[in-house]
Amino acid sequence: MGHTWGYAISSFFSLTSHHCFLHPLTLLCMIFLLCSTTCHSIDIHPQDKVSLLCFKSWIQDPDQVLSSWGSSNNNCTNWNGITCDNTGHVLLVNLTSMNLSGQIHPSFCNLSYLEKVDFSHNNFTCPLPVCFGNLLGLRTVDLSHNRFHGGVPDSFVRLKQLTELVLSGNPDLGGPIPGWIGNFSAYLERLQLGFCSFNGMIPDSLVYLKSLNYLDLENNLLSGNLVDFHQPLVLLNLASNRFSGTLPCFSAAIKSLTVLNLSNNSIVGGIPACIASLEVLSHLNLSGNHLKYRISPRLVFSEKLLVLDLSNNGLSGPIPGKIAETTEKQGLVLLDLSHNQFSGEIPLKITELKSLQALFLSHNLLSGEIPARIGNLTYLEVIDLSHNSLSGTIPLNIVGCFQLLALILNNNNLSGVIQPEFDALDSLKILDISNNRFSGDIPLTLAGCKSLEIVDFSSNDLSGSLNDAITKWTNLRYLSLAQNKFSGTLPSWLFTFQAIEMMDFSHNKFSGFIPDVNVKGSSLFNSRDLTVKEPTGATRNVQLRVSVIVSDNNQSSFTYNLSSMVGIDLSNNLLHGEIPRGLFGLAGLQYLNLSSNFLDGQLPGLQKMQILKALDLSHNSLSGHIPGNISSLQGLDTLNLSYNCFSGSVPQKQGYGRFPGAFAGNPDLCLESSGGGCEDGRVSSEQGSFFGEDRMDGPISVGIFFISTFISFDVGVVVLFCSTRARNYILRTKV
């Protein structure tokens with residue numbers, strides 16, 4: 001190696017002496033290439049090599065990322081994740097995200113020149129190595145996102161040169177944060193202990209550590225009164241702990257603090273106006289606390305604030321007319337004041353926040369109209385004004401928000417018609433206007449909203465028949481037109497949407513036959529993974545959660561999570577005829593509600609519907625025998641076949657006892673008793689609504705099966721329904 005270096009030096013000087021005309025930049029490039037050549041020829045120090053091979057022997061490496069570590073390989077640069085100095089001693093070990101597991105061999109701590117170790121995003125399962133305290137030259141330790149357990153060893157107190165300690169994402173790492181954590185290194189700048197299980201209080205030594213500028217203790221079990229810190233912090237994240245007390249002013253960080261996240265604690269009192277004095281604050285999250293009172297008009301943040309989240313508190317009074325400064329190039333990107341007690345009108349000044357990309361004002365006491373100039377916010381991607389008392393119409397000016405992805409206005413007192421011009425919102429993915437007083441029909445022009453995935457028009461006064469505009473919403477996942485005044489026949493394209501998960505047309509005046517199922521329709525309807533288990537308690541509601549994350553470059557990323565079942569609800573309409581057999585061949589269906597119609601014919605076998613959870617065919621005129629294979633559906637939680645014209649016998653051994661009242665109001669049906677005789681299926685005191693009437697409880701949260709059962713029906717009425725002549729008469733007069 002020395003000979004190679006000498007030859008290179010000799011050749012270089014020979015070249016420069018004979019070619020003095022070389023440009024200085026060319027000379028620099030040659031020197032860089034020369035250094036690169038020499039670095040690539042450094043042999044790893046023998047002692048460090050032994051230490052690393054011992055470390056490797058205790059590691060499970062399924063992807064063979066450490067295969068370059070071998071006894072015959074001496075070139076340091078060929079060892080994956082290893083960096084050496086010019087003497088061959090290991091300076092840096094970077095094994096992040098390599099799918100490694102196992103334990104750390106004590107020989108690793110013989111790497112005496114080590115300055116940085118990064119084992120993050122692996123699966124190490126052991127206590128934090130006590131011997132790390134022997135690596136006195138360490139400056140950076142990142143062991144985050146593993147499965148380390150226990151506490152932080154006291155031996156770490158010897159790491160006097162440490163600038164970064166990152167242990168976050170080890171949920172079994174806990175105990176109190178050591179009292180020496182703020183004393184052991186005068187150079188510690190970054191401390192990340194989030195998403196662990198640390199408890200107790202923040203040590204006083206940490207509050208006064210002058211070198212500290214980045215402190216992340218999110219999602220632990222820490223408690224005590226929130227204290228003011230005495231250093232110029234850049235980031236402070238104490239979210240999702242158990243801190244209490246009132247908000248301090250963080251005056252020591254008035255010129256440095258850019259991110260302050262105190263969400264999901266138990267902080268009380270009001271928001272002090274001094275918080276707005278933080279000159280470079282860009283992200284402020286105080287959501288999920290117990291903050292109260294009005295917001296002071298003196299609380300006006302600078303234009304550098306990008307994110308303001310005060311949601312899920314008890315703040316009251318009017319929304320301040322001016323909450324942040326704004327310029328043409330800077331200003332709020334996300335404003336979330338949802339889930340508070342704000343009252344009064346939406347201030348017009350909000351429409352001057354030209355940089356705004358997400359506006360969340362839901363679950364307040366707001367009244368008045370949606371500001372007509374809201375379309376001036378051309379960068380808006382999300383508008384959520386749901387669960388207020390807003391009135392008037394949707395301003396036509398809203399089409400100026402041409403980048404809009406989600407428009408959520410449910411649970412207000414809005415009225416008027418759906419404007420044909422709304423087709424200009426062609427990027428819209430979510431449109432929820434449910435639980436308002438909108439009237440008229442669905443404009444044909446809405447075919448232009450081809451990006452729609454979630455549509456909820458339920459609980460309005462909409463009418464007319466279904467037009468072909470809906471067929472253009474090819475990405476539909478959820479469609480609810482429930483509790484309106486729609487009429488006409490169900491179109492042949494009803495079951496053709498490829499991605500549909502839930503379709504609710506209940507409580508309307510649809511008539512005619514149920515169209516046959518298209519075998520090329522929803523893949524979820526047709527081929528659900530039978531191993532999927534829906535979470536307990538998710539059988540009543542559809543819940544939509546919209547989230548917006550703002551990055552450092554002021555750009556927001558929009559995502560939503562739809563927690564839905566796979567189902568069809570056509571209940572409480574005027575449908576008649578037989579149920580298409582194809583409907584009972586949908587292997588992916590979990591919920592089917594066709595109750596309170598005028599359907600007749602026999603019930604086919606349900607053997608293909610192996611993940612069916614709820615079936616309601618009550619209050620129809622279905623006849624014939626009860627298929628024996630219904631009881632074999634292990635996942636079936638709810639069954640209601642009451643008030644039909646079923647006949648024959650239902651053997652007790654088929655296990656229908658777990659569905660009390662499921663066969664009430666079927667006078668010709670024999671329910672086998674424990675004594676061997678028959679109990680007729682005429683009435684049952686336990687008959688009622690099997691599906692909760694808990695509609696509309698969330699951004700889009702709908703009780704899927706809203707059944708209005710006719711408890712007062714007596715046997716005579718049931719028998720009347722079983723008469724074809726009488727049934728036809730009722731069908732004509734009900735319209």
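Predicted model: local features only at pLDDT ≥ 70, side-chain atom pairs only at ≥ 80, totals over all residues.
Two residues are in contact when heavy atoms of theirs lie within 4.5 Å. Leaving aside neighbours within four places in sequence, E453 is in contact with K429, N475, L476, R477, Y478 and Y560. The residue lies in the loop between strand 31 (437-440) and strand 32 (454-456). E453 has a relative accessibility of 14% and therefore counts as buried, since the cut-off is under 20%.

The chain as a whole was examined next. It has 735 residues, and 54% of them count as buried. Its secondary structure comes to seven helices and 49 strands. The accessible surface comes to about 30,900 Å². Carbon and sulfur atoms account for 52% of that surface. Contacts between residues at least 6 apart in sequence were also considered. Of these, 52% join residues at least 24 apart.

Nonpolar residues were then grouped into cores. In soluble globular proteins, nonpolar side chains tend to be buried together. The largest nonpolar core here has 177 residues. Within this core, F108, F119, F132 and F457 have the most contacts. Several elements each supply at least two residues of the core. Among them are two helices, helix 3 (46-57) and helix 4 (204-207). Strand 2 (82-84), strand 3 (90-94), strand 47 (645-650) and strand 48 (666-672) also each supply at least two. A second, separate core has 24 residues, including I430, I454, M502 and M565. In the largest core, F132 shows how such contacts are made up. Neighbours within four places in sequence aside, F132 is in contact with F108, C109, V117, F119, L138, V141, L143, F156 and L159. Two of these partners, F108 and F119, are themselves listed with F132 among the residues with the most contacts in the core.

Strand pairing was traced in two regions. Strands of a sheet pair through backbone hydrogen bonds, either parallel or antiparallel. Strand 4 (residues 101-102) and strand 6 run parallel and are joined by two bridges. In this pair, G102 stands opposite F124.

The other region involves strands 17, 19 and 21. Strand 17 (residues 266-269) runs parallel to strand 19 (residues 290-294), and two bridges join them. Here G269 stands opposite L291 of strand 19. Strand 19 is also joined to strand 21 (residues 314-318), by three bridges. This pair is parallel too. R294 faces S316 of strand 21 across the pairing.

Two further loop residues complete the picture. S211 is placed in the loop between helix 4 and strand 12 (214-216). The side chain of S211 reaches the backbone oxygen of L188 at 2.6 Å. Not counting residues up to four places away in sequence, S211 touches S185, A186, Y187, L188 and E189. L589 lies in the loop between strand 41 (574-578) and strand 42 (591-593). With a relative accessible area of 0%, L589 is buried. L589 and I611 are 22 residues apart in sequence. In space, the C-alpha atoms of L589 and I611 are 6.9 Å apart.

Notes:
Residues numbered from 1 in each chain as written. Heavy atoms only, no water. Helix = DSSP H or I, 4+ residues; strand = E, 2+ residues; numbered from the N terminus. Buried < 20%, exposed > 50% of the residue type's maximum accessible area, 1.4 Å probe, protein only. Pairing = 2+ DSSP bridges. Core = buried A, V, L, I, M, F, W, Y, C linked by side-chain atoms within 4.5 Å. Polar contact = N/O pair within 3.5 Å; in protein donor to acceptor, adjacent residues only side chain to side chain. Areas by Shrake-Rupley, 256 points an atom, 1.4 Å probe, with all protein chains shown as cover.
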